Amino acid sequence: LDLKLLKKFKNELTRFMMLYQFGIDELNTKIDILKQEFQYIHNYSPIEHVKSRIKSPESILKKVQRKNLDLSLPSIKENIKDIAGIRITCSFISDIFEISRMLENQSDIEVVEKKDYINHPKPNGYQSLHLIVKIPVFMSNGIENVYVEVQIRTIGMDFWASLEHKIYYKFDNEVPAYLSKELKNAADTVAMLDKKMEVLHEEIRKLDSDDDIENELNLLN
Ligand code: 0O2
């Protein structure tokens with residue numbers, strides 16, 4: 001075994017994984033800025049929470065095999081676009097699209113793929129907005145572009161997805177038909193609740209803006 005070669009590979013691998021953490025760090029800062037500004041303008045926080053993760057080497061290798069890819073860092077970098085992942089949980093559906101629009105409009109972010117599982121849910125009921133973005137990371141020897149998968153969803157959609165994920169793993173991908181049906185029903189209920197909350201949210205917003213106009217008129221008088 002060539003120790004020098006092994007050491008070189010270990011260094012390359014560490015630097016490779018660091019890149020994804022930097023991509024996540026940059027996006028997290030962007031999301032935090034949007035959150036604070038949105039809070040200031042609209043007086044409420046559209047983002048409930050943000051979570052990030054880096055895919056484990058085991059999951060990366062599984063995907064390499066599943067997709068029949070070359071086992072090389074450049075091939076992995078170009079073909080596996082969800083090594084870095086960020087999940088944003090929002091209060092309302094309209095917030096999801098607004099946050100997405102604000103990220104898409106940033107000049108250093110390139111959206112390379114967008115999947116709208118909200119207007120087009122998956123057959124099992126899964127709902128979420130997925131963006132694959134490309135973001136530049138400034139390293140000591142130049143710019144590296146990294147892909148980050150951003151999933152944006154409501155609290156209800158997130159609740160559903162985490163339960164579905166647990167069930168899927170528990171039954172090793174073979175979920176009994178009655179459970180799949182119940183899960184689909186639950187997803188429909190989530191969609192209905194999200195729509196109702198959106199209507200209420202819109203009503204409250206209207207009342208707030210009427211109050212603002214009244215206050216301004218009072219100040220003028
Ligand atoms: P994990 O453990 O979350 O990382 P791809 O295979 O990624 O190239 P795909 O499958 O078309 O292409 O990507 P898609 O549809 O955008 O989904 C990617 C991720 O979305 C998944 O990542 C899940 O996190 C989530 N997701 C998609 N469909 C479902 C679903 O039906 N239920 C749940 N609970 N989550 C879903 P991973 O890598 O599968 O898993």
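Select glutamine 106 to begin. Glutamine 106 is partly exposed, because 14 other C-beta atoms lie within 10 Å. The cut-offs, with C-beta atoms placed from the backbone, are these: 20 or more other C-beta atoms within 10 Å means buried, 12 or fewer means exposed, and in between means partly exposed. This is a predicted model: local features need pLDDT of at least 70, side-chain atom pairs count only at pLDDT 80 or more, and totals for chains, interfaces and linings use all residues. Residues are numbered from 1 along each chain as its sequence is written.

Glutamine 106 sits in the loop between α4 and β3 (110–116). Helices (H or I, at least four residues) and strands (E, at least two) are DSSP runs, numbered from the N terminus.

Next, go to glutamate 37, in helix α1. Glutamate 37 is exposed, with 11 other C-beta atoms within 10 Å. Draw a distance to asparagine 145: the two C-alpha atoms are separated by 27 Å, and the residues are 108 apart along the chain.

Two asparagines come next. Select asparagine 43, in the loop between α1 and β1 (47–54). Its phi is near 65°, a positive value in a residue other than glycine. Asparagine 43 counts as exposed because it has 9 C-beta neighbours inside 10 Å. Then pick asparagine 68, in the loop between α2 (57–66) and α3 (73–79). Here phi is near 60°, again positive in a non-glycine residue. Asparagine 68 is exposed too, with 7 other C-beta atoms within 10 Å. Most residues other than glycine have a negative phi.

Which residues have the most contacts within the largest nonpolar core? Select Ile88, Val148, Val150 and Ile152; the core has 23 residues. A nonpolar core is a set of buried Ala, Val, Leu, Ile, Met, Phe, Trp, Tyr and Cys residues joined through C-beta atoms within 7 Å. Colour α1 (3–42), β2 (84–90), α4 (93–104), β4 (129–139) and β5 (142–154): these elements each give two or more residues to this core. The largest share, five residues, comes from β5. Centre on valine 150. Leaving out residues up to four places away in sequence, valine 150 touches Ile86, Ile88, Leu131 and Val133. Contact here means C-beta atoms, placed from the backbone, within 7 Å. A second, separate core has five residues, including Met157, Trp160, Ala161 and Ala187.

Show helix α5 (residues 155–170) and helix α6 (residues 177–220). Their axes come within 9 Å and cross at roughly 170°. Axes are lines fitted to C-alpha atoms, for helices over the stretch in contact, and angles run from 0 to 180 degrees between N-to-C directions. α5 and α6 are therefore roughly antiparallel, the term for angles over 145 degrees. From α5, select Gly156, Met157, Trp160, Glu164 and Ile167; from α6, select Leu179, Leu183, Ala186, Ala187, Val190, Leu193 and Asp194. These residues make the contact.

Finish at the ligand. Around it are Asp82, Lys115, Lys122, Asn124, Tyr126, His130, Ala161, Glu164 and His165. The criterion is a C-beta atom, placed from the backbone, within 6 Å of the molecule. Helix α5 gives the most to this shell, with three residues.

Notes:
Contact = placed C-beta atoms within 7 Å. Parallel < 35°, antiparallel > 145°, perpendicular 65-115°, else oblique.
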